[in-house]
Amino acid sequence: MSTSGAPGPTARSRRDRRDALVDGRRDEHRNGRRSTRTIGELDVVANRLPVAWTDGVGWERAPGGLVTALEAVVRRHRLRWFGAATAADGDHRPAWSHGPLVGVRVDPWITDAAVTGMANSTLWPALHGIGERIRWRDSWWDGYVDYNRAFADEIVATAARAASIWVHDYQLLLVPAMLAAQRPDLVVGLSIHTPVDEALGRLPAGDAITDALSAAAVIGVQTDRDRRTLRDLLPERGVSTASSRVPALPEVITSPVSIDPDAALALLRDPATDAIAQRVRGRLEGRYLIVGIDRVDYTKAVEERLRGIDLAFRRGHLDPDRVDIVQVAQPTRHAVGGYAAHRVEVERLAHEVASQWTRRDGSAPLRLVPEGVDRRTVAALLSEADLALVTPRRDGMNLVSKEFSIYNERHGGVLVLSEQAGAAWELGEHSVLVDGSSPASIADGIAEAMHLDHDRRREMARGRAGAVRRWTVHDWAASFLRSLAAA
């Protein structure tokens with residue numbers, strides 16, 4: 001791929017930042033290889049069940065990154081899955097072949113305060129280090145405590161003796177301490193799928209949260225940076241439990257979530273996926289395809305990306321007649337304050353860019369898809385992309401970057417990746433790294449990616465796919481469970 005002009009000094013400075021990040025990344029995964037016992041009963045605890053009921057359709061696989069990641073785990077481990085029950089769950093019995101589903105009943109007002117309020121309006125921006133988005137209400141905190149207690153009570157009442165409990169994510173950070181107080185025989189691990197930022201400790205309930213985290217045996221985070229931050233946030237000594245007179249801190253490990261490459265390739269080979277890919281190729285007419293796939297969350301920085309695309313057009317890095325840009329923007333968290341306005345701004349910007357930069361025939365080079373798309377469409381788009389833009393302001397991991405690495409290996413496209421995404425820890429060496437909060441940096445990254453020659457693009461594509469295959473979702477799960485067994 002090439003365009004007029006040549007990369008300026010900013011390309012060199014970005015490569016320097018990339019090299020520095022890669023050097024830091026070489027501190028390998030800390031995965032707890034030893035094991036002193038086997039995993040007996042395994043209970044997964046998450047905010048949502050892995051299936052959802054739709055009237056007229058029935059039970060379907062639930063959306064979301066966690067369900068995608070654990071889908072491979074449940075194929076290898078028979079387990080129970082605890083998740084919040086909805087009204088529909090009381091009327092229908094979910095069909096799920098990997099073990100019992102346990103719906104945790106919580107009053108709607110508690111769920112609203114805990115999830116919409118505390119989890120998504122307070123903890124989410126705090127964990128991402130976006131202070132201007134943090135909101136606090138004492139009633140949210142009270143609801144969050146009650147919400148976590150409902151999960152803990154259900155586990156306490158039904159878990160087998162010495163069972164392994166694998167808790168997931170920021171909605172349930174208090175569960176480890178609640179379980180330790182009532183069932184010290186349980187071995188509790190926690191996986192945090194967001195980044196970890198010092199802002200967590202500055203919340204009004206920051207000490208209560210970090211004390212609760214201290215009751216876990218193992219805590220897995222996405223990067224070495226998150227591991228160091230969390231260790232600094234934890235109290236100097238752990239929390240006493242009924243079975244231990246000497247408090248001990250949890251083992252905090254770098255445990256980046258991943259994907260199943262074999263399952264990804266099977267989806268890519270599906271005839272339905274291939275048919276979609278053929279339609280995508282047919283529409284291109286020789287133009288380069290640039291793809292972004294995101295939820296409309298401020299952490300994903302879709303606004304900054306659209307401004308970066310506009311700047312790339314202005315600087316001549318992109319030619320409207322030579323590119324086709326598809327940005328999937330899936331709505332999310334309608335009830336959380338500010339999200340509706342953010343979505344409106346994304347749609348306004350997309351319309352502005354599409355109107356400003358038209359082709360000779362009057363068509364727009366940018367198309368915004370303001371809704372979610374199915375997995376086959378995602379696979380088809382990513383497999384055909386010449387550039388994939390994964391440029392969050394900050395992200396725990398971002399599995400789209402790993403999916404692109406597998407789907408697109410044969411095509412040899414380029415990943416333009418934010419250095420603030422956890423995926424940069426593994427894929428940065430084989431990507432064009434940018435500052436996801438800077439439209440100018442994104443524009444420069446697009447220019448650098450467009451100038452890469454064929455051999456370099458192929459080399460980077462092979463490197464990314466190899467990195468994903470060296471650390472799959474099976475490695476992630478087995479590693480975490482080994483650490484839990486050792487605890």
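Is Ala 301 buried or exposed? Select Ala 301 and compute its relative accessible area: the value is 0%, so the residue is buried. Keep in mind that this is a predicted model. Now check the backbone. Phi of Ala 301 is near 55°, a positive value in a residue that is not glycine. To place Ala 301, show the loop between strand S10 (288-295) and helix H10 (302-314).

Next, select Asp 169. Its phi is positive too, about 80°, and Asp 169 is not a glycine. Look for Asp 169 in the loop between strand S6 (164-168) and helix H5 (175-182). Its relative accessible area is 11%. The cut-off for buried is under 20%, so Asp 169 counts as buried.

Now go to the sheet that holds S10. Colour six strands in the order S12-S11-S10-S13-S14-S15; they form an open sheet with parallel pairing. Which strands stand at the edges? They are S12 (366-369) and S15 (432-434). Each has a single partner strand, so one side of each has no neighbour in the sheet. From one strand to the next, the twist averages 15°.

Zoom in on S10 and S13 (residues 387-390). Two bridges join this pair in the parallel sense. Pick Val 291, and you will find Ala 388 of S13 opposite.

Last stop: select helix H13 (residues 399-407). H13 lies across S10, S13 and S14 (414-418). Compare its direction with that of S14: the angle is about 165°.

Conventions: Residues are numbered from 1 along each chain as its sequence is written. This is a predicted model: local features need pLDDT of at least 70, side-chain atom pairs count only at pLDDT 80 or more; totals for chains, interfaces and linings use all residues. Side-chain values use heavy atoms; hydrogens and water are left out. Helices (H or I, at least four residues) and strands (E, at least two) are DSSP runs, numbered from the N terminus. Buried means under 20% relative accessible area, exposed over 50%, partly exposed in between (1.4 Å probe, protein chains only). Two strands pair if DSSP finds at least two bridges between them. Axes are lines fitted to C-alpha atoms, for helices over the stretch in contact, and angles run from 0 to 180 degrees between N-to-C directions. Contact means heavy atoms within 4.5 Å.
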